[in-house]
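I opened this entry to look up the pockets and the overall fold. My notes follow the structure.

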Amino acid sequence: VGFSWFALCFAIALYAVRMFAVTGFYHRYFSHKAFHTSRFFQFILAVFGASAVQRGPLWWASHHRHHHVSSDEIDDAHSPVQHGFLWSHLGWFLSNKNFATQTERVKELAKFVELRLLDRFDVIVPILLALSIYLLGVWLDDYYPNLNTNGMQLLVWGFAISTVFLYHATFTVNSLAHIWGKRRYATTDHSRNNLLIALITLGEGWHNNHHHYPGSARQGFYWWEVDLTYYGLKILAAFGLIWDLRTVPLAIRESRKI
């Protein structure tokens, strides 16, 4: 489909927006309830999360909660310590065993019919996003030909390539962040802090911090630990769209250090 700078920038922008949706919404909100919001905006958060093509919000949150219950134990579906790097990175979610949503772990979320529907038909949002991107490319080709893009080019770069990079960046938190990096806290698992992973995942690389205190909306516990997702959540809070962002208490932040 060729290359254009517009298609590349579009792919990067969609990567960033959807990474923020995964880290800020699927992870810190649906999985850990690190802040509060309205029911309407909760659904908006879920739709943005579903656009990342990582299944529905109930599936994502339920499996992540299971991970925290048994982190790096034999029952942890994506522990590189127990099951090897390749399985923890991308094998586990391709397994039929892990296809179903563990509804019993997300009972407070499953009571919302709109979240159950979005979880059941999780393919709808990605299909609509892909179609919209294609139509945008067709429109730009007709009205702004100087951008040198078209429907298929924008679909491939903006959706397919962007999604693949989004996948592997997200998966590094399950795989690499449990074997590569530094440990500040004496957690019961092998979680590690890693600046590079934090940069490509907008803050998720401070994984040892997160396993020390999972309920914090801020995973970069210190000012020098860049956490772009938390900064984005602060902006949403400033507009009143979310509130009660939880952070790590000082006493807990300074406890159990290695």
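I began with the second largest pocket, which holds about 200 Å³ of space. Its lining has 13 residues, and His66, Asp75, Ala77, Lys97 and Asn98 lie closest to its centre. I noted the pocket rule: on a 1 Å grid over the protein atoms alone, an open set of points where a 1.4 Å probe fits, with protein on both sides within 12 Å along at least five of seven lines; lining residues have an atom within 4 Å of a point. Volume is the space filled by probe spheres set on the points, which are joined across faces, edges and corners.

This is a predicted model: local features need pLDDT of at least 70, side-chain atom pairs pLDDT 80 or more, while totals for chains, interfaces and linings use all residues. Numbering starts from 1 along each chain, and side-chain values use heavy atoms, without hydrogens or water.

Next I took the largest pocket, at about 480 Å³. I found 25 lining residues, with Gln54, Trp59, Trp60, Trp92 and Phe171 nearest the centre. Which helix gives the most to this lining? I found that α9 does, with six residues. Helices here are DSSP runs of H or I, at least four residues, and strands are runs of E, at least two, numbered from the N terminus. α1 (5-31), α3 (57-69) and α9 (151-174) each supply at least two lining residues.

Then I checked the whole protein. I listed 13 helices and two strands. The C-alpha atoms fill a box of roughly 60 × 40 × 40 Å along the principal axes. Buried residues (under 20% relative accessible area, 1.4 Å probe, protein chains only) make up 52% of the 258.

How values were computed: Buried means under 20% relative accessible area, exposed over 50%, partly exposed in between (1.4 Å probe, protein chains only).
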